[in-house]
Amino acid sequence: MEDRMDLVRTEHPTFRDMAETLGLGMPFQMHASADGTFKRFTYIGSSCEALTGVAPAAALMNPDLLYNCILEEHRPCYLDAERAALAERRPFRMEVLIHGPEGQLRWARIVSAPRFLGDGSTLWDGLVTDITESRRLEQALERQRRRMELAVEATGLGLWEWDLRTGDVVWSEHNREIFGVAPGASVTLDTYLRHIHPDDLELTRRTFLHARDKAVGPNFSLEHRIVTDAGEVKWLMMSGRMIRDARGPALVVGTTLDVTERRTAEERSLLMMGELAHRSKNGMQIMAAMVRQAAQGADTVQAMEAVLSARIRAMAASQDLLTASGGQAVGLGDLFDQVLTMFDLGRFQIDLALRQVTMSGETAIGVALLLHELGTNAVKHGALSRAGGMVLISVQPAPDGCAAFRWREQGGPEVAPSGRRGFGSRLLEAALRDRGGRVESSFEPTGFSAVIEIKIPDLR
């Protein structure tokens, strides 16, 4: 019975004893005068020397020995934390670099709480813990995370995560760059939402809700547009994974890839395919007009073949120009050179100003055929049928958005108008009129004349 009573009377170990025994750190107690000018340690744990190289007895005699172990740059922060704790009557906690027993730098966590005594002085109870290894581990993990992030970003991917419970959003620096957000700027869910293109906002919302609510298949992806603060429109591929725990959806992590270039190429390809179909249709109409006209004007199959072959060559010449230009606008001067060479360019006087005029591909095909037809008629019946004949091609006034030139023959036989509706008229209907073109012909005493007006492309 007596033994049991002795056990009851035995005092419980103090926090100091537990800290020392369990290796929690170096416990200490410091007394500070009411005005804070005088401080002294009343207790220092035995682990003090292993942590700082200062013996406990020496620190009890001179508290500056321990204070000076704190790296000089960290001392003001320590004093500020102590003053704030006094003013707000609360504990403080901070991490500082200290000099170890052999002068090496170590990280220490200082936790201390004030007790206010009746005479106005303060008794500080605290614990100093060596956290060097944990800080090294944190830094190593951070370096590893950053290396992984850089490796991922080298593929063009931005990283992001969204905590569904707290609402916290984290973006990698490359993800900020994709969205046009300044480095280091805080990001929230609203940052993401306000950048989404208005037309894609509902699609984005439905995709996230479906991923959140479905029980299986955590991965999801979508492509949508964003508008940066600078007004730039981008296409992004967002890929994510919904992470769940026992309580349900908890975290969303994912990547962002800028696919603007690919989407632009796809849209350009679709436009080109549509344009190709449109040009093919017009080409078939032109070919039909050529065959019909050749059949009506030829007396033999051989004559029809010769006419068709020449016109097809002119059409092919204009197509060569389109191919060389990569589908862009075609120069009228280049078209003159390509088509009229077969009629001897030396017999043509072409206004240099016309070489600055460009036209669309479809218009170029029509103009090429028209020039070939005019040249053929000039050789057979007009100015080019005689040795001294010439063709003058000059600039003519034209309304906005158009260019015009005049084909005027001189030095040839006298010509008279024909009541027969020729290929030029049919060609106009098939190729030029739909593109805003116009041809006005006249038979003057000096030779045949025609004014050709064409639409010019808007360079914007």
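A residue is called buried when its relative accessible area is under 20%, exposed when that area is over 50%, and partly exposed in between, as found with a 1.4 Å probe on protein chains only. By this definition W124 is buried, with a relative accessible area of 2%.

This is a predicted model, in which local features need pLDDT of at least 70 and side-chain atom pairs count only at pLDDT 80 or more, whereas totals for chains, interfaces and linings use all residues. Residues are numbered from 1 along each chain as its sequence is written, and side-chain values use heavy atoms, with hydrogens and water left out.

Across the whole structure, a search finds 12 aromatic pairs, where rings of Phe, Tyr and Trp (its six-membered ring) pair if their centres lie within 6.5 Å, and planes under 30 degrees apart count as stacked, over 60 as edge-to-face and the rest as tilted. Two of the pairs are set out below.

| Pair | Centre to centre | Angle between planes | Type |
|---|---|---|---|
| F28 and F41 | 6.1 Å | 90° | edge-to-face |
| F92 and W124 | 5.8 Å | 70° | edge-to-face |

The pair of F28 and F41 links strand 1 (residues 26–32) with strand 2 (residues 39–44), its members being 13 residues apart; strands here are DSSP runs of E with at least two residues, numbered from the N terminus. F28 is buried at 9% relative accessible area, and F41 is likewise buried at 8%.

Elsewhere, ring pairs join W162, W171, F179, Y192, F208 and F220 into a cluster.

Key:
Helices (H or I, at least four residues) and strands (E, at least two) are DSSP runs, numbered from the N terminus.
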